[in-house]
Amino acid sequence: LTAFGEVRASRRLELRARAAGTVVALHPAFVEGGQVAAGDLLVQVDPASARAARERARADLADAEAEARDAARGRDLAGAELQAAERQARLRAQALARQQGLRDRGVGTDAAVETAELAAAAADQAVLSRRQALAQAETRLDTAQTRIARARIGLSEAERELADTALHAAFDGTLSGVSLVEGGRVSVGEQLAELIDPGALE
C-alpha cells in the first residue's frame, strides 16, 4: 500500500511587530531555519521612546497621588473647621437665649440682646462658609482621585507599549520566512517571520 500526502506542522505562529521603530537587537538565530526556545527574545524594537513615556506616566501618577493626599488633608481640615464653627454657633445661640431671658426678667438690656443676636448671626454665617469650604475640599479630593485613576490607566498603557517593543518566542520552534535585519525599521502589524513547531506534525 502506497500513500501520498503532505506532512506539515500544525502549530505555526506569524511573528508580527507590535510596535513601530528601529530594530536594535535580534536573536542570533533569527535567520531562516533558526532554532529558538520558548521565551527567547527574538526582536527588540528601540524602546527609548516607550521607556520615556512610561517614566512620564509614572511621574503623572506620583503627582496625582500627591495631590490626592494634599486634598485629603484639606478635606479633613475643612471638616474640623466646620465642627469648630458649629460648636461656636451653638455657644452663640445659648448666649443669645440667656440675654433674651435676662431682658424678659428685666435685668437685661436690648443692647445686650442685639449684640448677642449679631454674634449668633455671624456664627451661623461662619457655619455656612465652612460647609461650603468642606464641599469644595471634597470636590477637590474627588477630582484628585479621578486623576489617579486616569494616571493608572496611562501607566498601564505605557507599560504595555514598552512591553510591545520586545517580541518573544511563544514556544520552541524553527523560524521561517524571515524578512528582517538588525537596524531595519518595522511598522505595527508587519510580519517579520513565522515560528513553526516541528514537533507538532499532521
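Predicted model: local features only at pLDDT ≥ 70, side-chain atom pairs only at ≥ 80, totals over all residues.

Colleague: Fine by me. What does the secondary structure of the protein come to?

Modeller: There are two helices and eight strands. Helices (H or I, at least four residues) and strands (E, at least two) are DSSP runs, numbered from the N terminus. Along the sequence the pattern reads β-β-β-β-α-α-β-β-β-β. The radius of gyration is 36 Å, well over the 17 Å that the globule rule gives for 202 residues, so the protein is more spread out than a compact globule. That radius is taken over C-alpha atoms, and the globule rule is 2.2 Å times the number of residues to the power 0.38.

Colleague: What box do the C-alpha atoms fill?

Modeller: Roughly 130 × 45 × 20 Å, taken along the principal axes.

Colleague: And how much of the protein counts as buried?

Modeller: Of the 202 residues, 32% count as buried. Buried means under 20% relative accessible area, exposed over 50%, and partly exposed in between (1.4 Å probe, protein chains only).

Colleague: Now the sheets. Which strands are in the one with β1?

Modeller: That is an open sheet of four strands in the order β1-β8-β6-β3, with antiparallel pairing. β1 (12-16) and β3 stand at the edges with a single partner strand each, so one side of each is left without a neighbour in the sheet. Two strands pair if DSSP finds at least two bridges between them.

Colleague: How many bridges are there between β1 and β8?

Modeller: Five, in the antiparallel sense, and L13 has L195 as its bridge partner in β8. β6 and β8 pair over three bridges, with L175 opposite L195 in β8. β3 and β6 (residues 173-176) pair over two bridges, and the bridge partner of Q35 in β6 is T174.

Colleague: Why is β8 described as largely enclosed?

Modeller: Five of the six residues of β8 (residues 191-196) are buried, so the strand is largely enclosed by the rest of the structure.

Colleague: Got it. What is the strand order in the sheet with β5?

Modeller: The order there is β5-β4-β2-β7, an open sheet of four strands with antiparallel pairing. β5 and β7 (185-186) are at its edges, each with a single partner strand, so one side of each lacks a neighbour in the sheet.

Colleague: Is β4 mostly covered or mostly uncovered?

Modeller: Mostly covered, as four of its five residues are buried. On one pairing, three bridges join β4 to the antiparallel strand β2 (residues 21-26), where A25 stands opposite Q44 in β4. β4 also pairs with β5 (residues 166-168) in the antiparallel sense over three bridges; there Q44 stands opposite A166 and V43 stands opposite L167.

Colleague: Changing topic: where is A37?

Modeller: A37 is in the loop between β3 (35-36) and β4 (41-45). At 31% relative accessibility, A37 counts as partly exposed.

Colleague: What does A37 touch?

Modeller: Not counting residues up to four places away in sequence, A37 touches A169, F171 and D172. Contact here means heavy atoms within 4.5 Å. A37 and A169 are 132 residues apart in sequence and 6.6 Å apart in space, C-alpha to C-alpha.

Colleague: Last one, R147. Which helix is R147 found in, and which residues does R147 touch?

Modeller: R147 is found in helix α2 (residues 110-163). Leaving out residues up to four places away in sequence, R147 touches D60, D63, A64 and E67. At 38% relative accessibility, R147 counts as partly exposed.

Methods
Residues numbered from 1 in each chain as written. Heavy atoms only, no water.
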